[in-house]
Every structure is written in structure tokens, then in C-alpha cells.
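Hello,

Here is the structure I promised to pass on to you. Please open it alongside this email, and my notes on what I found follow just below.

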Amino acid sequence: MQANKYIDENQIRETQGRKVVLAESMTDNRSAQKVFSAQHPLRLAYFVSHPIQYQAPLLRRIAQERDIYFKAFFRSNLSVREYRDPGFGVPVKWDVPLLEGYRYEFLPLLLDSDELTPLKPVNYGIRRILREQHFDAVWVHGYSTSSNLQAIMAANALRVPVLLRTDSNLFDRPRSRKKLMAKHVFFRWFGKRVSAALSVGESNTDYWRHYFGEQFPIFPCRYAVDNEFFQAECAKAAETREVFRRSLKLEPGRPIILFASKFQTRKRCIDLIDAYLLVTKSCTPERAPYLLIVGDGEEREALETRAREAVQGNIRFLGFRNQTELPRFYDLCNVFVLASVHEPWGLAINEVMNAARPVIVSDQVGCHRDLVQDGINGFVVKAYDAGAIAYAIRKVLADEYTWQAMGAKSREIVRNYNFDANVDGLRQALQSLVPGFAA
């Protein structure tokens, strides 16, 4: 369905009122079939931990569907105020709008918290919300939090179908046999309480098939970023690329390798630094690439110590950069490297591919099967293998034609991972679960 103009709050209240009247006129509004339209839209409740910078554009896009009344429910407002991100280790306040363009509500709190854990904060009133606001379907992001489990159980009690989306995959952190057995037992119980899954990618589909079985309904809802925003901002950055290069005191003509993420052990930035040291052993000083490291976190001291083995000034630590600053770095680089382990997806890969740049990822980065065609728009390397990363960097930077051709292919691939495709997958899922709704 084509996107339509977002409905203002007066229209929202009128639509909600018409829907309540319609529901009350039915003897059993859970079993009677409805016909959904712009006048009587399907009501979809979305439960997620907090406003997330990657998700906000998608929620705005869903809100444009005139035959879907969409409302997000958040456990916490932590991300809309300045807070200390445990991954970056520094105070963070996002510089992109998190709450504009869609309906939302923060769940009532029994116990607030300055951190997000499976049990914190403690919310209540979810069943009452679903019952009083007459939702036709519930969508939860993740299954490990108390609030999402409450939402699922409340929806089950009200006979409302449940959609599940999360980015889990089978190369997650190692677990003992005992924990894996417990997980299988949990999913045998849990799978009966979820109506369908929305898959963010190939590795995520494998995860649902493994735990829910081959017959479980799964619909595509691939992880995406705001492609239009990143392409436009990277194009704007290209106009002043050399000015930006000079502001960072980078010599012209030398290639740039970029890392942008949290300084956590699982991000394996240390492997990238080791790979860089291998690459530069065979480079003359004037042709050696730079390594720009954007981010912050608990591993900073260890990374800086290892980086001292490089020629002074060749590895630059540039600190945490906010969402609107990142396109300048994506445009500046020649190749982006994310060698993480236990990485559910890696949305920075989507972002930098919009700048038409090649990418190098480990085989434990969740998006590698979806976004990275080995030798075509980048390389997939074995996790923990600095030598493999070094080899891939040399191949990408062999000449200007190679990295530019790979980058062009990146932008071509990522165009298919967009919010319109997400909405199509969501609509297919709703059509299969809610009688009377047309995809």
C-alpha cells in the first residue's frame, strides 16, 4: 500500500472513537470478523524497551498507513534524556528525533530505573491498556523483558494475535549445555504463545526455525536504516570532504579505514588494530592508510595501548560521535570494518553502505549473509582472525577502481533493505493473523 499523510491528533481521536463504537456494537469483538479501512483501521500495539534511534524512522513510516492505527508503548524514557550508555561509557543524548511522527505512550511504572535490564524498570497495566484501547494485534520487540512477557500473556488472555521481532541468531554468545536445554524447554512453552515472527534477516530466520520449527509462520521484516537520510547526508558531506579531511589533519591521497562502534570486547576492535599493524608493515609511510576509530567504551585504554605500536598519528581515536555526525566519516573512508563476535546484526553496515563504501565483517556479524557478498561489495572473514582482516583490507584498497566498484555495489544492495519493505512484511503478517485485514 502506498504511504499516506500522517493523521493528526484530532483525526486520531475521531478514528479511535469510531473504532470503540464499532467494537462495542459487536457481541464478541475478538471472534467477529471486522472490515478494516482508513475509517476503521486495524489497531496495532507495539511494545519495546525504549525509544531507539534506529527504530524511530520505521515507526514514523508505519504511522503513515491509514488503515493501521499504530501506537508504540515504551518501558522507559531513558533514551530521550541524557544518560550514561553502558556500551559507550559516556553520557549520550541522541541528536535525532525519537518521538516525532507516531503515537506513543510510556507504560506506567511500579519501579523506575536508570538502566535497562530484563527486570528493570517494572511496569504495570498492560492488560488494561490492551483491553480498553481495543487492539487487534500486538507486536513485541524481544522476548526477554518482563514487560514484553506481560504484553504477550495479556494478548493471549484477550485472544489477540502476537507478532515477535528480535535480532537473535544461533552464533550468539556460548552457553552451557544446561542453559541450552533450558532454552529449548522455554521455547516449547513460548512458541505456543506467539502467532508469528518477523525476521530481520537470514540468520534470524534460522534461529526461529531452530526453536519454533519449520512450520512456524515467519514474515520478512529486514533490519533497515533511514536510507534516504544517510544517502542525502553522505552526498552533502562529499561536497566538503577535503575540508573535513584537513580539519582532522589527514594527509591527502592516503586511504582511510573506519571503525565506528562501542569499545566492547565483543566488537573486536583489537583485531582490527592488529590487522592494521600487519597491513602497514609492507607500506611506505606516505602510502600507509589511516585507521580512524570512532566511539568510546570500556576497552579504550587497551585499544590505545595496542595502537601505540603503529606509526604515531596513523591511528586516530575520535571519540563518540552522534547520529548526524556519522555520515561525514562514512563519506570520508575507503572501507569500513566491523569484526565483531556475537553481533546480532550490525546496523552501522547498513548506514555506511548508503555512502557507497565497501565493508569487511566477521562471520559472526548477523547481517553478513544478507548485506555482504564476499568479493563483490566487501569481504566476510573468520572471527578473531587479524590476518584475514588484513588480507581483506589489502584486497579492497588494491586500487581506486576496486574500492569504488565495491562501494557502488554496496549502495545497490542496501536499497532493498528499506522501511517500505518492512511495512510490506508487517502487512503480510497482519493479513495472515487478523481476518478482514487486506495486505
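Strand β13 (residues 290-294) runs parallel to β14, and 4 bridges pair the two. Within this pairing, V294 sits opposite G319 of β14. Strand β14 (residues 315-319) is largely enclosed by the rest of the structure, because 4 of its 5 residues are buried. Please keep in mind that this is a predicted model.

Next, have a look at the open sheet. Its 7 strands follow the order β5-β2-β1-β8-β9-β10-β11, with parallel pairing. The edges are taken by β5 (103-106) and β11 (218-220); each has a single partner strand, so one side of each lacks a neighbour in the sheet. From one strand to the next, the twist averages 25 degrees.

F73 has E105 in β5 as its bridge partner.

A helix also packs on this sheet: α16 (residues 419-433) touches β1 (42-48), β2, β8 (137-141), β9 (162-165), β10 (196-199) and β11. The direction of α16 makes about 155 degrees with that of β11.

Finally, which residues form a nonpolar patch on the surface? They are L110, L111 and Y124, which together have about 330 Å² of accessible area. You will find Y124 in the loop between β7 (122-123) and α3 (126-132). Y124 has a relative accessibility of 40%, so it counts as partly exposed, a class that lies between buried, under 20%, and exposed, over 50%.

Key
Residues numbered from 1 in each chain as written. Predicted model: local features only at pLDDT ≥ 70, side-chain atom pairs only at ≥ 80, totals over all residues. Heavy atoms only, no water. Pairing = 2+ DSSP bridges. Axes fitted to C-alpha atoms, helices over the stretch in contact; angles between N-to-C directions. Contact = heavy atoms within 4.5 Å. Patch = residues over 30% accessible without salt bridge, like charges linked within 9 Å, V, L, I, M, F, W, Y side chains within 5 Å. Areas by Shrake-Rupley, 256 points an atom, 1.4 Å probe, with all protein chains shown as cover. Salt bridge = Lys/Arg side-chain N within 4 Å of Asp/Glu carboxyl O. Buried < 20%, exposed > 50% of the residue type's maximum accessible area, 1.4 Å probe, protein only.
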